[in-house]
Amino acid sequence: MVATPTELTAAGLARAIRDGDYSPREVVESVLDRIHNRNDRTNAFVTVTDELAREMADAAERAIEDGDPFGPLHGVPVAIKDLSDVEDVRTTSGSALFEDRVADSDSPFVARLRAAGAVVVGKTNTPEFGLGTTTDNRVAGPTGTPFDPSCVSGGSSGGAGAALGDKLVPLAPGSDAGGSIRIPASFCGVYGLKPTFGLIPTVGRPNGFTNDSPFTTNGPMARTVEDAALAMDVMAGSHPQDPFSVPKRDDYRPAVERPIDEITIAYSPDMGTYPVEPDVREVLDDAVSAFERAGATVDTVDPELGHTDEEILNAYYTMATGRWQSLIDDLEDQGFDPRGEDRERLRPYLVDLIMDADEPTMRDRHRAEIVRTDVFDGLQDLFERYDLLVTATLGTTAFPHGEEPTMIDGVEIEPFRGWVLTQPYNLSGHPAASIPAGFVDGLPVGMQIAGKRHADDDVIAASAAFERQQPWHDEYPQ
């Protein structure tokens with residue numbers, strides 16, 4: 001008996017549609033019905049594109065009837081983060097300033113998903129302009145984890161994580177400038193991969209070089225590693241308008257079934273410097289044995305990144321703040337007055353972050369880039385000896401809305417990002433994924449798997465091997 005569409009994975013749906021078990025319209029209607037019935041739980045979606053989804057599903061059905069070639073995601077529903085454009089659909093970027101802005105074209109990876117046959121069912125929630133480790137804004141409000149909607153889903157791809165964890169959609173790509181794929185993947189118990197920088201293109205205008213500081217990339221989020229690999233194969237590859245994009249070297253779906261007997265793994269739950277709650281560490285200490293059962297060699301190590309977590313975070317803020325503050329100029333160029341009458345329409349967090357923050361000097365930037373270089377060198381040295389580095393994704397599990405932690409394991413932290421272990425890989429450009437590793441008091445714990453630059457297939461292979469040893473698919477809320 002074939003499972004219902006909302007129970008199937010993206011790969012399962014693609015097979016069911018190819019085999020004639022479901023039509024694209026049946027699949028889309030089932031998914032839209034679930035979204036409308038359950039979105040109030042988590043507030044994952046900002047916009048549901050019923051009409052567009054039905055039009056795309058009908059076009060997919062006509063292609064089947066006409067005997068046209070199938071794309072790898074033919075008829076499979078996807079949700080798009082509300083920072084990326086879908087033609088003729090509003091892109092609010094989580095800001096009241098853009099509540100009614102409608103996109104006139106697709107973002108590059110969205111166009112590739114469409115070309116592969118995917119059906120867009122809506123836009124997922126994000127903090128204002130994607131600047132936040134939790135998801136809340138004045139357009140749609142806060143998004144919660146499906147495991148306890150009173151707790152945060154993470155950010156900035158929090159709507160994507162919640163939509164996946166509540167089985168509203170099988171695929172929901174995110175974007176990641178400091179952990180924005182991996183943070184919600186951890187809090188929502190799903191799989192999220194930040195690829196090697198440049199592998200999935202991002203076209204920014206009027207500044208085509210905007211993604212250089214810090215490294216920003218789009219990436220797949222899904223409930224299974226196979227689904228993420230399928231999405232990677234569709235989304236990856238160079239683009240003529242992205243100066244940092246690189247060609248795709250191989251297909252990633254075959255890595256899902258690849259043995260990992262030859263893979264060596266360095267394990268450090270705290271990455272040598274980050275505070276991690278003892279119960280999170282305990283889950284990871286138990287879960288890491290799954291790699292050994294799958295045949296990999298695992299050594300406990302103490303990475304040398306050359307700086308404390310606090311110094312790394314300060315460097316990240318220095319490099320990111322300059323880019324964030326350029327938003328002020330962008331808004332003014334678009335006719336807004338963020339320093340005047342439109343200031344009150346921005347969230348206070350954003351005002352503190354970019355409007356009232358000191359502008360980094362060239363000297364500050366230079367010092368931050370030295371820290372960035374040291375982090376890169378430390379990771380490169382480790383990857384000369386090991387294929388992968390496995391750590392916690394976050395130092396804690398999801399917390400109640402508006403109650404960012406100020407201490408982790410008795411250590412005082414910066415409340416907005418001090419519990420996050422993801423930024424080093426944005427600074428370095430290495431691929432890194434968050435995979436569900438277990439639970440603490442019913443809330444998911446994410447394990448971060450990072451690999452050598454352009455060895456995204458190793459990250460996918462190890463993730464899939466872990467998934468086979470320790471599947472998590474029966475743990476989602478019903």
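Within the largest nonpolar core, which comprises 139 residues, Tyr191, Phe291, Leu389, Met447, Ile460 and Phe466 touch the most other members; a nonpolar core is here a set of buried Ala, Val, Leu, Ile, Met, Phe, Trp, Tyr and Cys residues joined through side-chain atoms within 4.5 Å, and buried denotes under 20% relative accessible area, with exposed over 50% and partly exposed in between (1.4 Å probe, protein chains only). Helix α10 (residues 309–333) contributes the largest share of this core, eleven residues, helices (H or I, at least four residues) and strands (E, at least two) being DSSP runs numbered from the N terminus. A second, separate core of eleven residues includes Cys151, Phe187, Leu394 and Val420. The model is predicted, with local features requiring pLDDT of at least 70 and side-chain atom pairs counted only at pLDDT 80 or more, whereas totals for chains, interfaces and linings use all residues. Residues are numbered from 1 along each chain as its sequence is written, and side-chain values use heavy atoms, with hydrogens and water left out.

Seven strands make up an open sheet of mixed pairing, in the order β9-β7-β15-β16-β12-β10-β11, where two strands pair if DSSP finds at least two bridges between them. Its edge strands, each pairing on one side only, are β9 (221–222) and β11 (297–300). Strands β10 (residues 264–267) and β12 (residues 388–392) run parallel and are joined by three bridges, and Ala266 has Leu389 as its bridge partner in β12. Across β10, β12 and β16 (443–451) lies helix α12 (residues 362–385), which runs at about 120° to β12; axes are lines fitted to C-alpha atoms, for helices over the stretch in contact, and angles run from 0 to 180 degrees between N-to-C directions.

Thr91 is located in the loop between β2 (77–81) and α4 (108–115) and counts as buried because its relative accessibility is 1%. Its side chain is joined to that of Lys123 by a polar contact of 3.3 Å, a polar contact being a pair of N or O atoms within 3.5 Å of which, within protein, one must be able to donate a hydrogen and the other to accept it, residues adjacent in sequence counting only if both atoms are side-chain atoms. Beyond its neighbours within four places in sequence, Thr91 is in contact (heavy atoms within 4.5 Å) with residues including Asp82, Asp85, Phe98 and Arg101.
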